[in-house]
Amino acid sequence: KYPFFIFLHGMGLGGKDNKKQLKRGAKLFLKPENRTKYPCIVLYPQAPLGRSFVKITKNGRPLLYRGFRKFTTVKHDQAKLEISLSAHGEMVYDLIRELIAENVVDTTRIYIGGASMGAFCTFQFISEYPIFAAAAPMAGGADPSTIDKWAGKVPVWIVHGDKDPIVPVESSRVVVKQLEERGVTNYRYNEYCDVKHHCWDKAFIEPDYLEWFFSKSKE
């Protein structure tokens with residue numbers, strides 16, 4: 001049985017070619033040294049163009065819809081966000097369960113990460129399904145009403161750029177603040193100086209990015 005790593009893309013990489021989403025970190029898993037040191041099953045699902053893995057609303061107004069490419073309306077008022085998995089997000093979970101049912105997954109070592117829209121979905125996955133041993137949301141945010149479901153239970157490595165014009169950095173800062181207020185210690189936060197939306201480019205070259213994940217397991 002193998003550790004299982006799921007990575008979720010952002011809105012700009014949707015489609016039906018099953019290739020664009022691989023631009024976010026897939027090369028890490030193809031490096032010979034990583035294939036030797038961190039053998040695992042890797043899943044990079046792709047949502048249809050203009051569709052999302054999550055449904056995000058604020059004051060009842062959808063923030064994600066066909067052709068919408070920015071989260072600028074999120075601004076700093078995270079408390080009013082309401083997030084849930086979309087039909088495509090639920091399909092991803094169905095696929096995860098199918099692989100688990102094939103008896104090839106080490107169910108104590110299931111990891112999830114995501115960029116932008118995929119980061120919002122990452123937070124939502126760990127709040128709805130207690131199967132993940134670690135998570136790394138990049139340039140995203142969480143529904144504040146769900147934080148207690150995973151805080152302290154799932155190690156998280158949150159990443160954001162301080163000059164992000166798409167998803168404001170405050171979206172991650174408010175999550176970190178709530179973790180601090182709860183006394184949670186099993187998290188990391190990297191806020192990259194003078195970095196815009198593509199903070200994942202920095203995260204993927206962190207020397208212990210994969211090591212951090214693969215050091216985690218559920219009891």
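Is Asp94 buried, exposed or partly exposed, given its relative accessibility? At 33% relative accessibility, Asp94 counts as partly exposed, where buried means under 20% relative accessible area, exposed means over 50% and partly exposed lies in between, computed with a 1.4 Å probe on protein chains only.

The structure is a predicted model, in which local features need pLDDT of at least 70 and side-chain atom pairs count only at pLDDT 80 or more, while totals for chains, interfaces and linings use all residues. Residues are numbered from 1 along each chain as its sequence is written, and side-chain values use heavy atoms, with hydrogens and water left out.

**The sheet**

Helices (H or I, at least four residues) and strands (E, at least two) are DSSP runs, numbered from the N terminus. Six strands form an open sheet with parallel pairing, in the order β2-β1-β6-β7-β8-β9, and two strands are said to pair if DSSP finds at least two bridges between them. The edge strands, each of which pairs on one side only, are β2 (41-43) and β9. Direction ignored, neighbouring strands of this sheet are turned by 10 degrees against each other on average. Within the sheet, β1 (residues 2-8) and β6 (residues 105-115) pair in the parallel sense over six bridges, and Phe4 stands opposite Ile110 in β6.

Helix α4 packs on the sheet, where it touches β1, β6, β7 (134-138) and β8, and its direction makes about 145 degrees with that of β6. Helix α6 also packs on the sheet, touching β8 and β9, with a direction at about 145 degrees to that of β8. Contact here means heavy atoms within 4.5 Å, and the axes are lines fitted to C-alpha atoms, for helices over the stretch in contact, with angles running from 0 to 180 degrees between N-to-C directions.

**Helix α6**

The expected span of a helix is 1.5 Å times one less than its number of residues. For the twelve residues of α6 (residues 170-181) this gives 16 Å, which agrees with the 16 Å between its end C-alpha atoms. The buried residues of α6 are Ser171, Ser172, Val174, Val175, Val176, Gln178 and Leu179, and they pack against α4 (117-128), α5 (147-150), β8 (156-161) and β9 (187-192). Just after α6, Gly183 takes a positive phi of about 75 degrees.

**Salt bridges**

Side chains of opposite charge can pair when their charged atoms come close. A salt bridge is counted when a side-chain nitrogen of Lys or Arg lies within 4 Å of a carboxyl oxygen of Asp or Glu, and a search of the whole structure finds seven of them.

| Salt bridge | N to O distance |
|---|---|
| Asp94 and Arg97 | 2.9 Å |
| Arg173 and Glu191 | 2.7 Å |
| Asp208 and Arg188 | 2.8 Å |

Asp208 lies in the loop between α7 (200-203) and α8 (209-214) and Arg188 in strand β9, so this pair ties together parts that are 20 residues apart in sequence. Salt bridges that share partners also join Asp162, Lys163 and Asp194 into one network. Asp94 and Arg97 are three residues apart in helix α3 (residues 87-101), and therefore about one helical turn separates them; Arg97, at 48% relative accessibility, counts as partly exposed. Arg173 is partly exposed, with a relative accessible area of 34%, and Glu191 is partly exposed at 31%.
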